[in-house]
Amino acid sequence: MAGGHERSMKALREVWRRAENSLCADCGKPDPDWASSTLGVFICLSCSGIHRNIPSISKVKSLKMDYWDDAQVQFLAKHGNAVTKATYEAHIPIYYYQPTYNDCQVLREQWIRAKYERKEFTEPGKQLPYSDGVKEGMLWKRGRDNGQFLPRKFVLSEREGCLKYFTKQDAKEPKLNVKIDVINATFQPVKIGNPNGLQITYLKDNKTRNIFVYHESGKEVVDWFNAIRSVQFHYLKVAFPIASDNEIKNRLTRNFLKEGYMEKTGPKQREAFKKRWFTLDHRRLMYFKDPLDAFAKGEVFVGSRENGYSVQKGLPSGAQGNFSWHYGLTIVTPDREYLFTCETETDQLDWIAAFTSVINQAMTPQEYASEWLDAISFSS
């Protein structure tokens, strides 16, 4: 008996050590130490919790703590991540967002359910709820002035190339009509205070505007997210016919590089520092009085190193404004310096790393056209 158990564990370790099984099959996290005995995939602890919620599809066990019999080990050996992915991920639309371990729970859960429970990607040309170029439904939207979430009708149309919302179900004219190519969408469960919270941003007069929404159904809100990506993808395929699918995919919705509180001072560098919420959306640094504000108080363009932009640890010796946080950083642009302070050294180093990653990237022709944003006031 003991010899049989040892033999099974040795065989299990051999399968576990295969290169294909070194990352979680669902989120890509390194060194997964759980597996599904019914699907044959190696997964991380976090994804195993999602699998545990669909027991009719997946039965999970710890690779370190649970007993695996010979039949289960042989099943893992026959399948593994590569074989299982070839079945359940065979026909993923190019625009579909495949979450990583850094993404929120609702994205990862719906990705796992889409693969194994609904089998959305096993057949070519399958009609999916986010793939037909139009989507209409109700979302709870946060009011700009009162902060209350109220149901609003949203309509997404590939033919019209836009996203609209209406304040009333029977309203003939939309409250908002936004072209699809200026929209971004990113999940913000913590900021919005709802596990299915989605932040939709768009550009109007080259300034950023925010809409905060959620839906009670995780599937529905993720379907909205991927429907936006689908419409964007097809719009950009027409607008940029010689661009590859991967180039277009990289221009779809994106997560913010960094968000959080910092203190800032005005252009004279003698004003008192004020605590503000900052969002770094690639080359746009925006600040808000409150994380859920609809409009940014100011924006600044963050260019590349070869164009005279840099980030420095600490504040210039001549800075005179009063501040309560003592971990400073300075953004240097061709026109002026922007001074900030962070509450902790960790925050300071994280912001410096985020700015450095942007500044070290060469600018695209489209970004050169936006560089005038650097002159927008940061004095409020």
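Histidine 282 sits in the loop between strands E12 and E13 of this predicted model. Helices (H or I, at least four residues) and strands (E, at least two) are DSSP runs, numbered from the N terminus. Histidine 282 is not a glycine, yet its phi is positive, at about 55°. Most residues other than glycine have a negative phi. The histidine 282 side is partly exposed, with a relative accessible area of 24%. Here buried means under 20% relative accessible area, exposed means over 50%, and partly exposed lies in between (1.4 Å probe, protein chains only).

Lysine 119 also has a positive phi, of about 50°, although it is not a glycine. This lysine lies in the loop between helix H5 (105–117) and strand E4 (134–142). Lysine 119 is partly exposed, with a relative accessible area of 40%.

Residues are numbered from 1 along each chain as its sequence is written.

The chain as a whole comes next. Its secondary structure comes to 10 helices and 17 strands. The C-alpha atoms fill a box of roughly 80 × 55 × 45 Å, taken along the principal axes. Of the 380 residues, 50% count as buried. Among contacts (heavy atoms within 4.5 Å) with a separation of 6 or more, 54% join residues 24 or more positions apart.

Three domains divide the chain: domain 1 (1–117), domain 2 (134–250) and domain 3 (258–378). Their bounds come from an automatic or database domain assignment. The centres of domain 1 and domain 3, taken over C-alpha atoms, are separated by 42 Å.

An unreviewed entry places "domain: Arf-GAP" at residues 6–129. UniProt positions are given in the numbering used here, feature names are shortened, and annotations may be inferred rather than shown by experiment. Over residues 6–129 the chain is 40% helix and 6% strand. The end C-alpha atoms of that span are 48 Å apart. For "domain: PH", the unreviewed UniProt entry lists residues 132–233 and 255–360. Residues 132–233 are 20% helix and 46% strand, with end C-alpha atoms 12 Å apart. Residues 255–360 are 14% helix and 38% strand, with end C-alpha atoms 19 Å apart.

The largest nonpolar core has 55 residues. A nonpolar core is a set of buried Ala, Val, Leu, Ile, Met, Phe, Trp, Tyr and Cys residues joined through side-chain atoms within 4.5 Å. Ile43, Leu156, Ile183, Phe187, Leu198 and Ile200 touch the most other members. Helix H7 (residues 218–239) gives the most to this core, with 9 residues. Domain 1 and domain 2 both give residues to the core, so it lies between them. Isoleucine 43 is in contact with Cys24, Ala25, Asp26, Pro32, Asp33, Trp34, Ala35, Ser48, His51 and Val60, leaving aside neighbours within four places in sequence. A second, separate core holds 22 residues, including Met262, Leu285, Val302 and Leu329.

Helix H9 (residues 345–359) has 15 residues. At 1.5 Å a residue it should span 21 Å, and its end C-alpha atoms are 21 Å apart, which agrees. The expected span is 1.5 Å times one less than the number of residues. Gln348, Trp351, Ile352, Ala354, Phe355, Val358 and Ile359 are buried in H9. They cover an arc of only 165° around the axis, which puts them on the same side of H9. That arc is taken over the directions from the helix axis to the C-beta atoms. Strands E11 (258–264), E12 (274–281), E13 (284–288), E15 (310–313), E16 (327–332) and E17 (337–342) are included in what covers the buried residues.

Tryptophan 351 lies in H9 and counts as buried, at 1% relative accessibility. Leucine 329 is 22 residues away from tryptophan 351 in sequence and 8.5 Å away in space, C-alpha to C-alpha. Beyond four places in sequence, the contacts of tryptophan 351 include Met262, Phe278, Leu280, Leu285 and Leu329.

Phenylalanine 323 is in the loop between E15 and E16. At 32% relative accessibility, phenylalanine 323 counts as partly exposed. Phenylalanine 323 touches Glu263, Phe273, Leu315 and Thr341, not counting residues up to four places away in sequence.

Notes
This is a predicted model: local features need pLDDT of at least 70, side-chain atom pairs count only at pLDDT 80 or more; totals for chains, interfaces and linings use all residues. Side-chain values use heavy atoms; hydrogens and water are left out.
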